[in-house]
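Subject: Structure for your review

Dear colleague,

Please find below the structure that I am handing over to you, together with its sequence.

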Amino acid sequence: MYDYDLLVVGSANADLVIGVERRPAAGETVLGGDLAVHPGGKGANQAVAAARLGARTALLARVGDDAHGRLLLDSLRAAGADPVGVLVGGAPTGVALITVDPSGDNSIVVSPGANARLAPADVRAAVSLLLGSRVVSAQLEIPLETVVEVVRNLPEGSRFVLNPSPPRPLPTEVLAACDPLIVNEHEARVLLGDPGVSEEPADWARLLLARGPRSVVVTLGAQGALVADSSGVTRVPSVQVDAVDTTGAGDAFTAALAWQLGSGSALAEAAAYAARVGAAAVTKRGAQGSYPTAAEVGSLRRAGARTPG
C-alpha cells in the first residue's frame, strides 16, 4: 500500500508577476501593472495541482527561512499536499520573475535560491518518501545530479515522470527511467539539438522516444498533445478555452498526467485528462491559484477528437 499517489521532487519559488502590454525587447524598458506575489516553482506547482485534483501528494523541495518560504508552505497545506519533505534553510527561497502579456503568454526568469541547494544527500535522506510513492515526478529547476539520485533510488514498481524544464542534455540513465518524458515544443527542440530537425511534432516524439525513454509526451498548447510509446504516436485533442494566463499550465498538465498514470490510466487517456486540467488552469491568473478541482475539470467540455499524428 502506497502512502502517496504522487511524490514531486523539485523546485519551490515565489512568483513575482507583472502584467505588461508587451514584453520588452533587449535594452528596452516597459511599464507594467501592479506586482503580485504568488506561490510557484515547478515542483510546488505540480504538488498543489495534483492535491487539488484529489491525489495524495507529497513534495520534496527546499525553501528559505523567510516570508516567501512560509507562503509556499501555507499554499501546500491549503491544497492538501503534504509538506513533510520540504526542507527549510540554507539560502533564500527561489524567486521567479514573470511578465504576462494581454494574450496570456509569459516570459520567466528564475533565481534558484534554495532550490539549488536541494542535494543528492537530501534525496537519500528522504528514501522513505520514494518507497511510499506510486509515481515520482521531477523537473530541472533543481540540480541535475539530484534528479539522477532520484532515478538511482527509485523503488521497483514505481513510475518516473520528468519534465526537463529548463531543458538541458540528459544522462542516459535518466532518459531510460522516464515514463513518460514530457516536453513542450521548445524543450523538444533543445533536447533533439539539431537545427535541421523535422518541423513535425510527431517526428519529435519518435526521435525523442528513440533516445531511450519508455514513453514521450509532446505538449502543443492549444493544439493538444502527442503521446508516443512502443505502440506508436497518438494525437490528444485540446480543449478550447479563453486563455487568461498560461503561467504554470504545463505543471498542471504534468501533475494530472502523473496522477492518472499512477491510477492505472493508459497514456493517451491520462494525457486527455491532463489536457483538460491544463486548459482549466489557463482561464485564471497565476499558477497555483488557477489550478482546478476534479469537479471543475469535469465541467469542461472536451473538444472534438482529431486524427492521430
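Predicted model: local features only at pLDDT ≥ 70, side-chain atom pairs only at ≥ 80, totals over all residues.

Residues are numbered from 1 along each chain as its sequence is written, and side-chain values use heavy atoms, with hydrogens and water left out.

Confidence and overall form

The mean pLDDT (the predictor's confidence in each residue, from 0 to 100) is 90 for the protein, and 96% of its residues reach 70 or more. Over residues 302-309, however, the pLDDT is below 50. That stretch has 23 contacts in the model beyond near neighbours in sequence, a contact being heavy atoms within 4.5 Å.

The protein contains 11 helices and 13 strands; these are DSSP runs (helices H or I of at least four residues, strands E of at least two), numbered from the N terminus. Its radius of gyration is 18 Å, close to the 19 Å that the globule rule gives for 309 residues, so the protein is as compact as a globular protein of that length. The radius is taken over C-alpha atoms, and the rule is 2.2 Å times the number of residues to the power 0.38. The C-alpha trace spans about 50 × 45 × 40 Å along its principal axes.

Of the 309 residues, 56% are buried, where buried means under 20% relative accessible area, exposed over 50% and partly exposed in between (1.4 Å probe, protein chains only). Among contacts with a separation of 6 or more, 66% are between residues 24 or more positions apart.

The four-stranded sheet

Four strands form an open sheet of mixed pairing, in the order E3-E2-E6-E7; two strands pair if DSSP finds at least two bridges between them. At the edges, strand E3 (36-40) and strand E7 (106-111) each pair on one side only. Strand E2 (residues 13-19) runs antiparallel to E3, and five bridges join them. Within E3, glycine 40 stands opposite asparagine 13. Helix H2 (residues 67-79) lies across E2, E3 and strand E6 (94-100), at about 60° to E3. Axes are lines fitted to C-alpha atoms (for helices, over the stretch in contact), and angles run from 0 to 180 degrees between N-to-C directions.

The nine-stranded sheet

The other open sheet has nine strands in the order E5-E4-E1-E8-E9-E10-E11-E12-E13, again with mixed pairing. Its edge strands are E5 (82-88) and E13 (232-236), each of which pairs on one side only. The twist averages 15° from one strand to the next. H2 packs on this sheet as well, touching E4 and E5, and its direction makes about 170° with that of E5.

Strands E1 (residues 4-9) and E4 (residues 57-63) pair in the parallel sense over four bridges. Leucine 7 has alanine 58 in E4 as its bridge partner. Elsewhere, helix H7 (residues 185-192) lies across strand E9 (159-163), strand E10 (178-183) and strand E11 (216-219), at about 110° to E10.

A covered helix

Helix H5 (residues 144-152) is mostly covered, with seven of its nine residues buried. These include Leu144, Thr146 and Glu149. Among the elements that cover the buried residues of H5 are E1, strand E8 (133-139), E9 and helix H6 (172-177).

Yours sincerely
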